[in-house]
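Hello,

Here is the structure you were waiting for. My notes follow below it.

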Amino acid sequence: MDTVAPEKEIIEVIKEQGGDSFKYCYQCGRCDVVCPWNRVRDFSMRKIIRQATFGLTEIEQEEMWRCTTCKTCVDNCPRGVDQITAGVALRKLGAEYDVYPGNVGPIQTVVANLTSEGNSLGGDKEMRAEWAKDLPVKTYTEGMEVLYFTGCYLSYDPRMRKVAVATATLLNKAGVDFGILGSKESCCGESIRKTGNEDLFKRLAKENIKEFIDHGVKKVVVSSPHCYHSFKNEYPEFMVNFEVIFISQYINELVNSGRLKLTGEYARKVTYHDPCYLGRHNGIYDEPRELLQQVTGLEMSEMVDSREKSLCCGGGGGRIWMETPKEDRFSDLRVRQAVDAGAEVLVTSCPYCITNFTDSSLDLDEGDTLEIKDITEIILEAL
Ligand code: SF4
Ligand code: SF4
């Protein structure tokens, strides 16, 4: 098959975008061994790297869109190749030529939604704070303790809105002086950036940064590991300075300082899933477990692949918006791992993970008895 872009251009684009570490690859194949795709079908990041090194990438094929940016290969490569940065550099060519093949097609709608409404789900921008309408949740003003950056899925998705409500309820119970930006909040832009759409990422980031500055924001609490990653590691590219803390870290702090008292009981067997963008990308493994272990009656059980080896849900890198045939879902494998660990509840703290695990648990016979929960929902029950 022909390549869409000239070979030289592909090599140059990869270099420009920081994907130059491709050249250190010595084709050992370790990335393919650890990649979750090879648990469900054949997929070779090693081959993609080889083709790209020679400028032979076929951008009209779906292969370069498979990577979920889970970071397992990056952490295991003996030559320090950054497969994610290099893979995103290839996608930039696809985005530039507007080539979104087969199951990648829905990205076009997501781009339109983000451009017009500032969220990937196509919800009305003015309705972004609708989830909070019956709650004592204020609009953020300068001097408040924290900004609660709700994120797209928690603002619009019916299942995830319950998590936003649980979070706001916990913050109120702890007496935290917090506010939200409502319709002035836009998508953090992390996932669309991983589809190669750098311009749209920059636009969304600048919109949020403007609001943070206008509102005098100093500290931001987030519910999505993708917002966390972007604010912590990507927004500093715009020379902006604010503190970001993940909700499970923040709740853990509130419990440890005595502001939130866990006086209730949650007598269930629970297993915790480390989202890729909280664990491997940002090293947050301990606080969520520490928090869960403070709950009376809760029994923790680890899955086969946990912490640094956590099995990706399949939703990162923009994959949450693409079609993934049933037989290719990593989330089915993860739900089975949770059941095998003897868990009654699979708990995590990522909107993409919860969406994918909920779909899998509904489809699989083994998942019938498994509940999928966000960590805030469990803590709320344990008050
Ligand atoms: S693990 Fe690293 S060196 Fe080995 S094939 Fe993959 S990218 Fe190349
Ligand atoms: S980041 Fe994850 S999904 Fe992507 S190639 Fe590496 S191991 Fe596979």
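What percentage of the 383 residues of the chain count as buried? The figure is 48%, where buried is defined as 20 or more other C-beta atoms within 10 Å of the residue's own, exposed as 12 or fewer, and partly exposed as in between, with C-beta atoms placed from the backbone.

Two notes on conventions. The model is predicted, so local features need pLDDT of at least 70 and side-chain atom pairs count only at pLDDT 80 or more, while totals for chains, interfaces and linings use all residues. Residues are numbered from 1 along each chain as its sequence is written, chains are lettered from A and ligands numbered from 1 in the order in which they are written.

Overall fold

The chain has 16 helices and nine strands (DSSP runs numbered from the N terminus: H or I of at least four residues for helices, E of at least two for strands). Its radius of gyration is 21 Å, close to the 21 Å from the globule rule for 383 residues, so the chain is as compact as a globular protein of that length. That radius is taken over C-alpha atoms, and the rule is 2.2 Å times the number of residues to the power 0.38. Along the principal axes, the C-alpha atoms fill a box of roughly 60 × 50 × 35 Å. Of the contacts between residues at least 6 apart in sequence, 80% join residues at least 24 apart; a contact means C-beta atoms, placed from the backbone, within 7 Å.

Domains

The domain assignment, which is automatic or from a database, gives domain 1 (7-104), domain 2 (107-254) and domain 3 (262-381). The C-alpha centres of domain 1 and domain 3 are 27 Å apart.

Core

The largest nonpolar core has 111 residues, and Ile14, Val222, Ile251 and Leu292 have the most contacts inside it. Such a core is a set of buried Ala, Val, Leu, Ile, Met, Phe, Trp, Tyr and Cys residues joined through C-beta atoms within 7 Å. Helix 8 (residues 158-173) gives the most to this core, seven residues. Leaving out residues up to four places away in sequence, Val222 touches Phe149, Gly151, Cys227, Tyr228, Phe231, Val244, Phe246 and Ile247.

Ligands

Around ligand 1 there are 14 residues, with Cys25, Cys28, Arg30, Cys31 and Cys77 nearest (near means a C-beta atom, placed from the backbone, within 6 Å). Helix 2 and helix 3 (45-53) each supply at least two residues of this shell, which divides into eight nonpolar, three polar and three charged.

Ligand 2 is surrounded by 15 residues, the closest being Cys35, Met45, Cys67, Cys70 and Cys73. Helix 2 (30-34), helix 4 (72-76) and helix 5 (83-96) each give at least two residues to that shell. Its residues divide into ten nonpolar, four polar and one charged.

Backbone

Thr69, in the loop between helix 3 and helix 4, has a positive phi, near 55 degrees. Thr69 counts as buried because 25 C-beta neighbours lie inside 10 Å.

Regards

Terms used
Two residues are in contact if their C-beta atoms, placed from the backbone, lie within 7 Å. Ala, Val, Leu, Ile, Met, Phe, Trp, Tyr, Cys and Pro count as nonpolar, Asp, Glu, Lys and Arg as charged, and the others, Gly among them, as polar.
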